[in-house]
Amino acid sequence: MTTPRAKPDAHDITCRQAVALMTDYLDGALSEDDRALVEAHLGECDACAEHLRQIRITVSVTGRIRDEDLNPRARADLMDLYRRWQADREQ
């Protein structure tokens, strides 16, 4: 995805590309070059920086929810939402 360069610019990747890399970014699974591209983009794109902040909050909150904390209907709704999101991504 990347071409080696001295210093990445925020416009080297689009918002869509940055969002697609965010999970790997949070997991520390990006190459050094891709990480630098994402960080440059985040440094200049308020919308993507906010998206990342929301992901971090979601991970923090959901990491404390146990299966037994959800009533069956809420769990089913969340699973349905996830399946629809996943299907949209595959199209």
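Visitor: Is Arg84 buried or exposed, or in between?

Guide: Arg84 is partly exposed, at 47% relative accessible area; buried means under 20%, exposed over 50%, and partly exposed in between, using a 1.4 Å probe and protein chains only. This is a predicted model, where local features need pLDDT of at least 70 and side-chain atom pairs 80 or more, while totals for chains, interfaces and linings use all residues. Residues are numbered from 1 along each chain as its sequence is written, and side-chain values use heavy atoms, without hydrogens and water.

Visitor: Which residue forms a salt bridge with Arg84?

Guide: Side chains of opposite charge can pair when their charged atoms come close. A salt bridge is a side-chain nitrogen of Lys or Arg within 4 Å of a carboxyl oxygen of Asp or Glu. Here the partner is Asp80, with the closest N and O atoms 3.3 Å apart. Asp80 is partly exposed too, at 39%.

Visitor: Where do Asp80 and Arg84 lie?

Guide: Both are in helix H4, four residues apart, about one turn of the helix. Helices are DSSP runs (H or I, at least four residues), numbered from the N terminus.

Visitor: How many salt bridges does the whole structure have?

Guide: Four. One of them joins Asp77 and Arg73 at 3.3 Å, N to O; Arg73 is exposed, at 59% relative accessibility. Another joins Arg35 and Glu39 at 3.2 Å.

Visitor: What is Ala18 in contact with, leaving aside neighbours within four places in sequence?

Guide: Contact means heavy atoms within 4.5 Å. Ala18 touches Ile13, His41 and Cys48 in that sense.

Terms used:
Helices (H or I, at least four residues) and strands (E, at least two) are DSSP runs, numbered from the N terminus.
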